[in-house]
Amino acid sequence: MTTAAPSLKLRALARGAQAYSTLFAASAAAPYLSRSTPVRMTGFDLDLTVASTSVEVDDVVSFELRNPDGSDLPAWVPGAHLDVFLPSGAQRQYSLCGDPRDLTSYRIAVRRIDADMGGGGGSLALHTDVAAGDTIRVRGPRNAFTFIDVESYLFIAGGIGITPILPMVREAARRGARWKMVYVGRSLATMPFLDELQALEGGELELRPDDEFGVPDVADLLGRAEAGAAIYVCGPPQLIDAARVLQPTLNPTGSLHSERFSAPPVVGGHAFDVHLARTGVTVKVAADESALAAIRREVPGVRYSCQQGFCGSCKHAVLEGAVEHRDHKLRAEERAESMLICVSRAAGDELTLDL
Ligand code: FES
């Protein structure tokens with residue numbers, strides 16, 4: 001067999017590919033050049049074994065997931081999450097809260113939210129129906145909460161919002177960056193992973209339970225950031241919304257990065273009716289609620305996950321009516337015949353869905 005030297009053209013192409021790969025995937029500028037907006041998929045569907053479960057605090061259980069054959073899992077970075085398929089087939093997203101340098105397992109932590117507290121059944125199903133030894137299907141890891149490399153950080157976590165923040169703080173400490181963290185919650189007894197946070201070195205950790213300090217003043221919390229710091233916030237919607245409003249004034253040279261686990265408020269909506277063709281009912285959607293929230297009253301099992309218009313799991317075909325699309329996911333040809341009911345709305349007074 002003979003081999004020929006690659007042509008000049010091939011060598012130029014190879015050099016170009018190498019330069020692209022270096023710049024967009026491995027350089028210090030990569031996080032900025034290939035930002036995961038809104039989501040970048042880095043893994044794929046995996047059937048994983050629940051190696052163990054652990055009660056972190058009263059209503060929070062963590063799940064350690066491993067490849068059944070013991071091989072390494074796809075790599076991830078702080079801020080990444082998994083789409084988890086529940087035994088019912090429904091899909092929910094949970095942040096990876098373990099150590100990205102240990103690819104032998106993933107860890108997610110789930111706070112149980114009962115239906116009377118607005119839960120959609122996902123956390124309840126994981127708490128009650130999933131145990132060590134079970135197999136669970138996940139998709140990902142995917143990253144919609146990019147962790148940037150800077151010299152100074154302020155982390156603000158509220159309750160179960162600690163899950164994406166924990167690997168970030170660990171990474172900031174490992175890099176030797178300056179970091180402060182404020183962890184708020186109802187009481188110390190409800191705040192998971194205190195021991196892991198307290199074991200980190202080189203930064204300032206402030207635990208601020210409401211039962212000792214009262215409800216936090218968000219401006220006061222933001223005031224702990226150094227000028228120009230990257231501020232990461234994850235927690236209840238009120239915390240995130242207040243931080244988004246206040247940060248540009250309080251720290252104009254800094255940057256705010258946040259992740260919410262619940263639906264954003266509806267802005268500029270009007271009321272409309274949704275006819276569910278297969279179910280045979282008409283649902284009234286109020287101006288300040290999503291079509292998904294209204295439809296869930298009639299069809300509790302309707303599928304959804306992120307509630308923010310980027311995962312695509314709530315896509316339904318539109319049989320009649322014009323749509324005001326508010327998602328970040330669908331292509332133009334998909335928009336011609338379907339909508340994401342978690343964020344998109346009727347352009348007029350009514351819509352008919354194939355649901
Ligand atoms: S639930 Fe994710 S796009 Fe609607």
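Here are a few exercises on this structure, each with a worked solution.

The model is predicted, so local features need pLDDT of at least 70 and side-chain atom pairs count only at pLDDT 80 or more, while totals for chains, interfaces and linings use all residues. Residues are numbered from 1 along each chain as its sequence is written.

**Exercise 1. In what order do the strands of the parallel open sheet lie, and which stand at the edges?**

Solution. Start with the terms: helices (H or I, at least four residues) and strands (E, at least two) are DSSP runs, numbered from the N terminus. Two strands pair if DSSP finds at least two bridges between them.

Step 1: The sheet has five strands in the order β9-β8-β7-β10-β11, with parallel pairing.

Step 2: β9 (204-209) and β11 (255-259) each have a single partner strand, so they stand at the edges with one side left without a neighbour in the sheet.

Step 3: From one strand to the next, the twist averages 15°. Such angles run from 0 to 180 degrees between N-to-C directions, with axes as lines fitted to C-alpha atoms, for helices over the stretch in contact.

**Exercise 2. Which strands of this sheet does helix α4 touch?**

Solution. Contact means that the C-beta atoms of two residues, placed from the backbone, lie within 7 Å.

Step 1: Helix α4 (residues 162-175) packs on the sheet and touches β7 (152-158), β8, β10 (230-234) and β11. The direction of α4 makes about 155° with that of β7.

Step 2: Helix α8 (residues 237-250) also packs on the sheet, touching β7, β10 and β11.

Step 3: Now follow the chain through α8: β10, α8 and β11 make a right-handed β-α-β unit. Right-handed here means that, with the strands pointing away from the viewer, the path from the first strand over the helix to the second runs clockwise.

Step 4: β10 and β11 pair in the parallel sense over five bridges, and the bridge partner of I231 in β11 is L256.

**Exercise 3. Where does the largest nonpolar core lie?**

Solution. A nonpolar core is a set of buried Ala, Val, Leu, Ile, Met, Phe, Trp, Tyr and Cys residues joined through C-beta atoms within 7 Å. A residue is buried if 20 or more other C-beta atoms lie within 10 Å of its own, exposed if 12 or fewer, and partly exposed in between, with C-beta atoms placed from the backbone.

Step 1: The largest core has 53 residues, and I165 and I231 are among those with the most contacts inside it.

Step 2: Its largest share, six residues, comes from α4.

Step 3: Domain 1 (40-143) and domain 2 (152-259) both give residues to this core, so it lies between them. The domain bounds come from an automatic or database domain assignment.

Step 4: Look at I165, which touches F155, A157, Y232 and C234, not counting residues up to four places away in sequence.

**Exercise 4. Is strand β3 largely enclosed or open?**

Solution. Step 1: Five of the six residues of β3 (residues 80-85) are buried, so this strand is largely enclosed by the rest of the structure.

Step 2: β3 pairs in the antiparallel sense with β6 (residues 135-143) over five bridges, and five bridges also join β3 to the antiparallel strand β4 (residues 91-95).

Step 3: Find D83, which stands opposite R139 in β6 and opposite Q93 in β4.

Step 4: The hairpin of β3 and β4 has five residues between the strands, and there G89 takes a positive phi near 100°.
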